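Good morning. Please look at the model as I put it up.

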Amino acid sequence: MKACVLEKYGEYPIYKDVNAPEIEEDDDIIIKVAGVGVCRTDIHEIFGNLKDRTRLPLILGHENTGYVYDFGSKVHNISKNDPVILFPYITKGYCLNCRKGNDMFCTEDPYMPGIDANGGYAEFMKTKIRAVVSLPKSIKNDDLINMAPLADAGITAYHAIKKVYPLIIPDSTVIVFGVGGLGHIAIQIIKSMTAAKIIAIDISQEKLELAKKYGADFTLLFSNNHDIIKECMKFTHNNGANIVFDFVGENNSTEYSLKLVKKQGTVVVVGYGGIFKESTFDLIIREINIIGSLTGTYSEFTELIQMYLDGKIKVETQRFNLREAAKADELLKNGKIQGRAVLVP
Ligand SMILES: [Zn+2]
């Protein structure tokens with residue numbers, strides 16, 4: 001089969017022929033990939049920032065949809081050609097964290113295809129029955145391709161919002177910091193589930209236009225010429241935002257998030273790569289809550305998928321042929337992707 005393989009850190013994946021995956025264990029499923037989202041984590045992997053997990057050569061891609069192609073003897077309730085979307089973690093499901101639904105904290109050798117094992121930058125990929133979510137058989141191939149980013153960007157945005165959902169009361173102001181793959185989905189989820197006013201912040205005017213299209217009430221361009229704190233305070237009558245979702249997590253976004261949040265407000269950190277620094281006095285005197293948020297649960301995943309199928313949220317995608325993975329990765333690295341890049345084999 002054709003696949004895009006990361007062979008050397010610092011170099012983009014190479015399009016080439018490789019052996020297709022085969023059924024080895026009786027709960028394995030082989031998927032014919034329909035779409036695979038391109039995530040900032042892929043860039044971290046390419047540039048060697050996840051060396052403690054990645055083993056080269058590696059097929060990237062952890063946001064996957066496709067059709068069931070083959071399966072082991074223990075797999076039931078699924079048929080060949082069924083359309084599916086894949087939960088990003090593969091776990092056995094026996095540990096207490098898994099039983100609570102928190103597979104991301106599984107204690108029994110969890111792994112993510114595309115990071116710890118071969119993923120979906122390929123014509124076929126291997127997963128396990130526990131990671132599969134069946135979709136309506138009537139779903140159009142076009143939708144299946146478009147949905148791929150829900151498998152990480154979507155679920156991560158949704159989980160972050162669910163964590164603080166009771167705090168988003170009707171007169172709240174919520175900031176979405178970074179309108180990329182996660183941010184543009186987050187805006188739609190917040191819009192659909194709450195009555196809060198949404199401020200979107202980004203360094204790109206085009207991304208702020210996207211934010212407006214999906215329901216942001218106010219946008220702030222993050223640049224040297226704009227005092228976003230002053231503008232945010234004006235919009236919030238000098239209070240600041242109740243909640244700041246930091247989907248950037250680097251380039252001093254966290255420093256700004258702490259200045260943009262109101263007293264007793266909450267900063268939810270979702271993006272990563274930077275360092276968090278703040279005076280303890282400032283945290284105490286303003287009673288700021290800081291929360292980390294990682295991916296999401298299988299049941300949250302199914303809730304989000306239902307929102308998509310009901311037309312409550314859309315995914316803005318820029319499509320590339322699988323052989324163009326390197327180009328998509330580079331455009332993402334340079335901040336040139338609107339919404340999410342999706343590779344189509
Ligand atoms: Zn587990």
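This is a predicted model: local features need pLDDT of at least 70, side-chain atom pairs count only at pLDDT 80 or more; totals for chains, interfaces and linings use all residues.

Ile187 belongs to the largest nonpolar core, which has 57 residues. The members that touch the most other members are Ile85, Leu150, Ile187, Ile189, Phe245 and Phe301. Helix 5, residues 181–193, gives this core its largest share, 7 residues. At least three residues of the core come from domain 1, and at least three from domain 2. There is also a second, separate core, with 35 residues, among them Ala3, Val36, Ile78 and Tyr121.

Now the helices. How do helix 4 and helix 5 cross? Helix 4 covers residues 153–163, and its axis comes within 8 Å of the axis of helix 5, at an angle of roughly 45 degrees. Helix 4 is therefore oblique to helix 5. The crossing of these two helices is right-handed. On the helix 4 side, the residues that meet helix 5 include Ala157 and Ile161. On the helix 5 side, they include Ile185, Ile189 and Met193.

Helix 4 has another partner, helix 10, residues 298–309. Here the axes come within 9 Å and cross at roughly 110 degrees. That angle makes helix 4 roughly perpendicular to helix 10, because 65 to 115 degrees counts as roughly perpendicular. Gly154, Ile155, Tyr158, His159 and Lys162 in helix 4 meet Glu300, Phe301, Glu303, Leu304 and Met307 in helix 10.

Next, the domains. According to the domain assignment, domain 1 is made of 2–152 + 296–344, and domain 2 is 155–292. Their C-alpha centres lie 28 Å apart. Between them, 26 residues of domain 1 are in contact with 21 residues of domain 2.

Where does aspartate 82 sit? Aspartate 82 is in the loop between strand 5 (64–71) and strand 6 (83–86). Is aspartate 82 buried or exposed? Its relative accessibility is 8%, and the limit for buried is under 20%, so aspartate 82 counts as buried. Setting aside neighbours within four places in sequence, aspartate 82 is in contact with Gly66, Tyr67, Val68 and Lys137.

That is the end of my part.

Technical notes:
Residues are numbered from 1 along each chain as its sequence is written. Side-chain values use heavy atoms; hydrogens and water are left out. A nonpolar core is a set of buried Ala, Val, Leu, Ile, Met, Phe, Trp, Tyr and Cys residues joined through side-chain atoms within 4.5 Å. Buried means under 20% relative accessible area, exposed over 50%, partly exposed in between (1.4 Å probe, protein chains only). Helices (H or I, at least four residues) and strands (E, at least two) are DSSP runs, numbered from the N terminus. Domain bounds come from an automatic or database domain assignment. Axes are lines fitted to C-alpha atoms, for helices over the stretch in contact, and angles run from 0 to 180 degrees between N-to-C directions. Angles under 35 degrees count as roughly parallel, over 145 as roughly antiparallel, 65 to 115 as roughly perpendicular and the rest as oblique. A crossing is left-handed if the near helix is turned anticlockwise from the far one by less than a right angle, and right-handed if clockwise. Contact means heavy atoms within 4.5 Å.
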